[in-house]
Amino acid sequence: MVKVTLKGDVVKEFDSGITAAEVAKSLGAGLYKSACACRIDGEVRDLRTAIENDCELEILTFDSTDGKKAFWHTTSHVLAQAVKRLFPNAKFAIGPAIDNGFYYDFDVEKPFSPDDLEKITAEMKKIVKEGYELERFLLDPEKAVELLEEMNEPYKVELCKEHTDKGEPISFYKQGEFTDLCAGPHLMSVAPIKAVKLTACTGAYWRGDSKNAQLCRVYGVSFPKASQLEEHLQKLEEAKLRDHNKIGRELEYFTTVDYVGQGLPVLLPKGARVIQLLQRWVEDVEQSKGCLLTKTPLFAKRELYKISGHWDHYLDGMFILGDPYDETKECFALRPMTCPFQYQVYLNKQRSYRDLPMRLTETSTLFRNEASGEMHGLIRVRQFTISEGHYILRPDQLEEEFKGCLELAKYCLDTVGLLEDCTFRFSQWDPKNPNNKYEGTAEQWEHAQSVMKKILDNIGLDYEIGIDEAAFYGPKLDIQYKNVFGKEDTIVTIQIDMLLAEKFGMYYVDSDGQKKLPYIIHRTSLGCYERTLAYMLERFAGALPMWLMPEQVRVLPISENLSGQAKEVEAKLAAAGIRVTTDVRSEKIGYKIREAQLEKIPYMLVIGNKEIEDGTVSVRSRKNVNLGAMSVDEFIKLAKEEIDSKKRD
RNA sequence: GCUGGAAUAACUCAGUUGGUAGAGUACCUCACUCGUAAUGAGGAAGUCGAGGGUUCAAGUCCCUUUUCCAGCUCCA
């Protein structure tokens, strides 16, 4: 007998060797029916797992993350089965569950067309109806490779061979005529997959390496109920309504022009104004934290980048002015980073340990020649402006200054409303990086990373580790943000650099009279303004916090002949420092309100004969709330409070 | 850079097997002077992204190219 501890610390006894599925069945037919996988002593397992020792057992349904994953993973097998039936020559790569569904990579002669996807979906539905049970079986590594070779699956053979040296048996899952190499866990049967949608068909490189063959990746999502699928698709549609690339254009924050070029958005007055407001605020915050503002050139001779290492590591990413390979002529490059420029400020004269830390910051426009497929709205562009700082410091100051940088970034992100959705990534080097990406020795890297780890752990920060995500000169703490499509990018980065100071000969004279190399922190406090604006537009669906709105208040006279009085109100507000306009057109009040609402204007002040008699304004907020009549002074007080507090929804 | 999708009026989109361009909104004019998300009438507006080709005839078919979108790779 085994003792199984269930949810709520309920302990039940079963015969040894009972499967998790049978335990679920004993607990209730409903639970058994909806069970997707289980967790045994904290580890996610297959429902077929036999229980031979006392353990804690949790039955995972579709409501749990891991239950969903098993469900979606099984759906990816159904997808593969359908593809095999319709396209017998397709070769299979991998087909995992992801955060919002699943995908499967196929090697096919021609990528699937939308038409093909429909046919595949129909075949999947057929397979689900056929209701196959999944069977799991184990093979010795050699036998497993043999089977996969027999099946003529070269990618699977390659995957399998990686595990053969461990000597452990290799697991397979079989449903009907279809067998796949797979670690699981999986559903007991394909029958519960009632609703399936294949959402996209794109290219993806084998093993994520662009040097390898490009495969055809089919994305999809599935649910136990059709209504859940509909709800899911509805949510995706709603998310798209927040897409900055859509509303940023509609609300006239930015536009793009064919003949200007890719990745070169044109900021319209509203977008330019928000960025101006952000920049002024960030510069003030930074200076209040002891930062010194610099203004350095936007481009420099090739020689500067040779010292910094950018010429060797980043040439493809730079815009070059001149022939990079003609050493007899002057050649310039637009700057992709500020570091080597800002170091010149430090190098301007001899520095003492007393001068450190020296916190340099700049509102810095950068140029990066991104590959043509990379550009995306305001999130990924070829020219952007970032608050970029370099703190030059003694080793003993590293921890405190690093913490200061993190506090600054968190403060900035919190103020603009993005912090709560951020995640942290400790980006480390990969000694096995095949492209010789990293400068410095293994010792230097291990040292820098262990120092950074200690600092992060002391702070108690919850972070993920990103291998091979470091900068070429050092490890990073990246603050990550997801856009409305779930794609993650870095919004803020703080980096520890123990290499570049030496390259530039940046010394300080220490208290013992010796010349020593400083450490450098590369940091941004709010990231680049274009990207931050994009995320804010998505986060607030265009209704930015009032302190950043280009137009904060609109005065709406009920009829055209009251525009004189309305203009007086406008002047009063403007004098109080509020950004305000008046809609003097001869339109109905409902029409004017509708327009102001669609433009997300925080407050609308309606003025009719009644208000003029009472000396008041009728205040309506963009949250569709009528706040009633109040005096202009009262409203100014209310508005100023909201602006000064940088309040956000 | 790679894979797939797209580009028609300022915007959102329709346009059948190839037969010569259409709606709503916005804009302009006029009337209305209005009470919390769309007043009515009229008008103007398109080299169908660009270039080439097939054809008696191309928005529609083919090729090239630019830009936009999703994904991969890369990256703030």
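Predicted model: local features only at pLDDT ≥ 70, side-chain atom pairs only at ≥ 80, totals over all residues.
Author: A polar contact is a pair of N or O atoms within 3.5 Å.

Reader: How far does a polar side-chain atom of Tyr-219 lie from a sugar or linking oxygen of RNA strand B?

Author: The distance is 3.1 Å. The bases are approached as well: a base nitrogen of RNA strand B lies 3.5 Å from a side-chain N or O atom of Arg-368, and a base nitrogen is 3.1 Å from a polar backbone atom of Gly-373.

Reader: Which elements give two or more residues to the surface near RNA strand B?

Author: A residue is near a strand if one of its heavy atoms lies within 4 Å of it. Here the elements are strand 14 (195-205), strand 15 (214-223), helix 8 (244-250), strand 27 (488-497), helix 18 (589-598), helix 19 (609-614) and strand 34 (617-621). Helix 18 contributes the most, with 7 residues.

Reader: Which of the 58 residues around RNA strand B come nearest?

Author: They are Gln-214, Asn-245, Ser-372, Glu-374 and Ser-618. The residues of the surface near RNA strand B comprise 16 nonpolar, 23 polar and 19 charged.

Reader: In what order do the 8 strands of the open sheet stand?

Author: The order is 18-22-23-30-27-26-24-25, with mixed pairing. Strand 18 (292-293) and strand 25 (463-467) each have a single partner strand, so they form the edges, and one side of each has no neighbour in the sheet. Within the sheet, strand 23 (residues 383-393) pairs with strand 30 (residues 519-528) in the antiparallel sense over 7 bridges. Leu-393 stands opposite Tyr-519 of strand 30.

Reader: Which strands does helix 9 touch where it packs on the sheet?

Author: Helix 9 (residues 269-288) touches strand 18, strand 22 (358-367), strand 23 and strand 30, and its direction makes about 145 degrees with that of strand 30. Helix 16 (residues 529-539) runs at about 45 degrees to strand 30 and lies across strand 22, strand 23, strand 26 (476-482), strand 27 and strand 30.

Reader: How many helices and strands does chain A have?

Author: Chain A has 20 helices and 35 strands. Its C-alpha atoms fill a box of roughly 80 × 75 × 55 Å along the principal axes. Of its 649 residues, 50% are buried. Among contacts between residues at least 6 apart in sequence, 68% join residues at least 24 apart.

Note on methods: Residues numbered from 1 in each chain as written. Chains lettered and ligands numbered in written order. Heavy atoms only, no water. Polar contact = N/O pair within 3.5 Å; in protein donor to acceptor, adjacent residues only side chain to side chain. Helix = DSSP H or I, 4+ residues; strand = E, 2+ residues; numbered from the N terminus. Nonpolar A, V, L, I, M, F, W, Y, C, P; charged D, E, K, R; others polar. Pairing = 2+ DSSP bridges. Contact = heavy atoms within 4.5 Å. Axes fitted to C-alpha atoms, helices over the stretch in contact; angles between N-to-C directions. Buried < 20%, exposed > 50% of the residue type's maximum accessible area, 1.4 Å probe, protein only.
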